[in-house]
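Below are some notes on the ligand site and the nonpolar cores, for checking against the model.

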Amino acid sequence: MDNKPFRILALAGSLRQGSYNQGLLRAARELAPNWVEVSFFDLGTLPFFNEDLEATDDPTVVHQFKDAIAHADAVLIATPEYNGMVPGVLGNAIDWASRPTGQSVLRNKPVAVMGAVLGKSGSIHAQTALRGALKRIGAVIVPDPQVLVPHASRLFDEHVNLRDEKTREDIRRLIEAIAHWCQRIKPDRSDSALSGADWSR
Ligand SMILES: Cc1cc2nc3c(=O)[nH]c(=O)nc-3n(C[C@H](O)[C@H](O)[C@H](O)COP(=O)(O)O)c2cc1C
C-alpha cells in the first residue's frame, strides 16, 4: 500500500510580503486534509525567460522549478491581476514551464487557479488568460469551483491570514476538486493518498 501524500505545488503570482495571493495559498495548506501535502516554489527565483539561456541547458533553478512541477500530483496557482493581465512574474514562470514545446512538465498535469485582487473583478481576467495559456500547453485545468476573490483587503487579518469563511469554504472545495480530477486522470493513485480520503478537516 502506497502511503505517499497527495502533493500539491503552490505557486503565487505575487512576490510581495503581505501578498493576499500568498495568503490564499497558506490558507489552502491550512485547510487541506492531512493526507494532502502543499509545498511552495518562489517564482521570484526564476530568471527572465530567454531562449539564449535555455540553448545549452536550463539554469539550475529552472531545473528545480520543472522538477517541482513534475513531482507534484497537481499545481495550485493563486494570482492577482495586473492591469487586467497575468502578472509578469507568473507569465515568466509559465513560459519556462511550457518548454520544450510539446514536452512541457505541465502536459496532462492537473492545474487549479484562484486569485485575489483589491478591485471588484476578483482576478477573472487574469484567470481567464492563464487558463487559456495552460490549456494550450496541455495542462488539465480544474474547471470549478472558480475562486474569485474581490476586495481582498477586507477578507484578511493584519497578519494576512484569510478570515472570510466563504472564501475558506471555496478553497476547501477547490482542493477537493483537484483531488477529484487527479483521480479521474490518474486512477493508479486510487490505491494511495486518494483512497479512503477523509474530507472531514
Ligand atoms: C501593476 C499593478 C496593476 C494592478 N492592476 C489591477 C487590476 O487590473 N485589477 C485589480 O483589481 N487590481 C489591480 N492591482 C491591485 C492588486 O489587486 C493588488 O495590488 C493586490 O493586492 C495584488 O495581489 P497581492 O496582494 O497578492 O500582491 C494592480 C496592482 C499592481 C501593482
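1. For sorting the shell, Ala, Val, Leu, Ile, Met, Phe, Trp, Tyr, Cys and Pro count as nonpolar, Asp, Glu, Lys and Arg as charged, and the others, Gly among them, as polar. On that basis the shell around the ligand holds 5 nonpolar, 6 polar and 2 charged residues.

2. This is a predicted model, in which local features need pLDDT of at least 70 and side-chain atom pairs count only at pLDDT 80 or more, while totals for chains, interfaces and linings use all residues. Residues are numbered from 1 along each chain as its sequence is written, and side-chain values use heavy atoms, with hydrogens and water left out.

3. The ligand is surrounded by 13 residues (a heavy atom within 4 Å). Ser14, Arg16, Ser19, Asn21 and Asn83 are the closest.

4. Polar contacts here are pairs of N or O atoms within 3.5 Å. The side chain of Ser14 has an N or O atom 2.6 Å from a ligand oxygen. For Arg16, a polar side-chain atom is 2.8 Å from an oxygen atom of the ligand, and for Asn21 the side-chain N or O atom is 2.8 Å from a ligand oxygen. On its own the ligand has 610 Å² of accessible area, and the protein covers 71% of this (Shrake-Rupley method, 1.4 Å probe).

5. A nonpolar core is a set of buried Ala, Val, Leu, Ile, Met, Phe, Trp, Tyr and Cys residues joined through side-chain atoms within 4.5 Å, where buried means under 20% relative accessible area (1.4 Å probe, protein chains only). The largest has 34 residues, and Phe6, Leu24, Leu76, Met114, Ile171 and Ile178 have the most contacts inside it. H6 gives the largest share of this core, 7 residues.

6. A second, separate core has 26 residues, including Leu11, Phe41, Ile69 and Trp96.

Definitions and conventions: Polar contact = N/O pair within 3.5 Å; in protein donor to acceptor, adjacent residues only side chain to side chain. Buried < 20%, exposed > 50% of the residue type's maximum accessible area, 1.4 Å probe, protein only. Helix = DSSP H or I, 4+ residues; strand = E, 2+ residues; numbered from the N terminus.
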